[in-house]
Amino acid sequence: MEQYKKEFIEFMVDCNVLKFGDFVTKSGRNTPFFINTGFYRTGKQLRRLAEYYAKAIEGKFGLDFDLLFGPAYKGIPLSVATSMAISEHYDKDILYCSNRKEVKDHGDTGILLGSPVKDGDRIIIIEDVTTSGKSIEETMPIIKAQGDVNVMGLVVSVDRMERGKGEKSALSEIEEKYGIGTTAIVTMEEIVEHLYNKPYNGSIIIDDKIKAAIESYYEIYGIK
């Protein structure tokens with residue numbers, strides 16, 4: 001596992017973003033682990049997060065694209081911060097854009113924030129976590145309605161590695177349905193590999209009990 005992935009896993013723990021216990025996901029699944037990116041709350045945290053996203057994007061897609069699209073709401077700061085990180089670390093100027101939840105009919109009108117989307121734009125969508133693919137179902141029509149664009153792919157912070165609506169993972173279903181690439185900074189498998197029975201800051205984050213709960217969860221929702 002690359003060093004930046006290990007650092008990102010520990011970064012999530014430090015920020016209280018990665019939690020283990022008893023939770024319910026947006027798609028209604030009872031899960032023993034939860035990734036709440038709403039706990040990235042400071043400028044320093046967001047800057048580091050954006051650097052990890054930038055590495056994941058560069059590794060999967062390269063930097064030959066035009067625009068980062070962050071779906072409202074959590075995707076808004078992600079698109080802004082990551083476009084800044086790409087500019088700073090790779091000397092590449094990328095546009096950023098997000099959608100509004102409601103169309104604005106005065107002042108800066110329309111459904112988009114940030115850069116307009118125009119014909120020929122090569123776009124990467126940036127999200128926090130995708131469990132069922134519902135967010136992308138809502139986002140793709142908005143982007144496609146803006147013009148003749150090329151959506152190259154989707155990047156998320158964590159691949160939960162569980163089924164979407166069928167038997168394949170949510171990211172695999174997105175790849176097949178929309179013909180785009182997908183990537184994540186880390187996968188849940190990598191998280192378990194790095195944290196299981198290894199002390200971090202004086203405690204064990206994933207012990208035998210939590211690992212067993214994760215395995216039981218994947219027996220139900222894991223990829224067949």
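Reader: Let's start with Ile214. Leaving aside its neighbours within four places in sequence, which residues is Ile214 in contact with?

Author: Once the neighbours within four places in sequence are set aside, Ile214 is in contact with Phe20, Pro32, Phe33, Met188 and Val192. Please keep in mind throughout that this is a predicted model.

Reader: Where does Ile214 lie, and is it buried or exposed?

Author: Ile214 lies in helix α7, which runs over residues 208-221. Its relative accessibility is 4%, and because buried means under 20%, Ile214 counts as buried.

Reader: And how far is it from Phe20, C-alpha to C-alpha?

Author: The C-alpha atoms of Ile214 and Phe20 are separated by 9.3 Å, although the two residues are 194 apart along the chain.

Reader: Okay, stepping back: how many helices and strands does the protein have?

Author: The secondary structure comes to 7 helices and 10 strands.

Reader: What about the overall dimensions, and how does the radius of gyration fit with a compact globule?

Author: Along the principal axes, the C-alpha trace spans about 55 × 40 × 30 Å. For 224 residues a compact globule would have a radius of gyration near 17 Å, and the protein has 18 Å, which agrees.

Reader: What share of the residues is buried, and what share of the contacts links residues 24 or more positions apart?

Author: Buried residues make up 48% of the 224 in the protein. Among contacts with a separation of 6 or more, 70% come from residues 24 or more positions apart. As for the surface, the protein exposes about 10900 Å², of which carbon and sulfur atoms supply 49%.

Reader: Switching to pockets, what volume does the largest pocket have, and which residues are closest to its centre?

Author: The largest pocket has a volume of about 610 Å³. It is lined by 26 residues, and the closest to its centre are Lys26, Glu127, Asp128, Val129 and Ser135.

Reader: Which elements give two or more residues to that lining?

Author: Those elements are β2 (30-35), β4 (95-104) and α4 (134-144). Helix α4 gives the most, with 5 residues.

Reader: How does the lining split by class?

Author: There are 7 nonpolar, 11 polar and 8 charged residues in the lining of the largest pocket.

Reader: Now the backbone. Which peptide bond is cis, and where does Tyr73 lie?

Author: The peptide bond from Ala72 to Tyr73 is cis, with omega near 5°. Tyr73 lies in the loop between β3 (67-70) and α3 (75-90).

Reader: And what is the phi of Asp91 and of Asn197?

Author: Asp91 has a positive phi of about 55° although it is not a glycine, and Asn197, also a residue other than glycine, has a positive phi near 55°. Asp91 is found in the loop between α3 and β4, while Asn197 is in the loop between α6 (188-195) and β9 (199-200).

Reader: How exposed are they?

Author: Asp91 is exposed, with a relative accessible area of 71%. Asn197, at 40% relative accessibility, counts as partly exposed.

Reader: Last one, Leu113: which strand is it found in, and what is it in contact with?

Author: Leu113 is found in strand β5 (residues 110-114). Apart from neighbours within four places in sequence, Leu113 is in contact with Ile76, Tyr96, Cys97, Ser98, Asn99 and Arg100. Leu113 counts as partly exposed, at 28% relative accessibility.

Reader: And its separation from Val192?

Author: The C-alpha atoms of Leu113 and Val192 are separated by 37 Å, the two residues being 79 apart along the chain.

Notes. Residues are numbered from 1 along each chain as its sequence is written. This is a predicted model: local features need pLDDT of at least 70, side-chain atom pairs count only at pLDDT 80 or more; totals for chains, interfaces and linings use all residues. Side-chain values use heavy atoms; hydrogens and water are left out. On a 1 Å grid over the protein atoms alone, a cavity is a set of points where a 1.4 Å probe fits but cannot get out, and a pocket is an open set with protein on both sides within 12 Å along at least five of seven lines; lining residues have an atom within 4 Å of a point. Grid points are joined across faces, edges and corners, and a volume is the space filled by probe spheres set on the points. Helices (H or I, at least four residues) and strands (E, at least two) are DSSP runs, numbered from the N terminus. Ala, Val, Leu, Ile, Met, Phe, Trp, Tyr, Cys and Pro count as nonpolar, Asp, Glu, Lys and Arg as charged, and the others, Gly among them, as polar. The radius of gyration is taken over C-alpha atoms; the globule rule is 2.2 Å times the number of residues to the power 0.38. Buried means under 20% relative accessible area, exposed over 50%, partly exposed in between (1.4 Å probe, protein chains only). Contact means heavy atoms within 4.5 Å. Accessible areas come from the Shrake-Rupley method with a 1.4 Å probe; for residues, only the protein chains shown count as cover.
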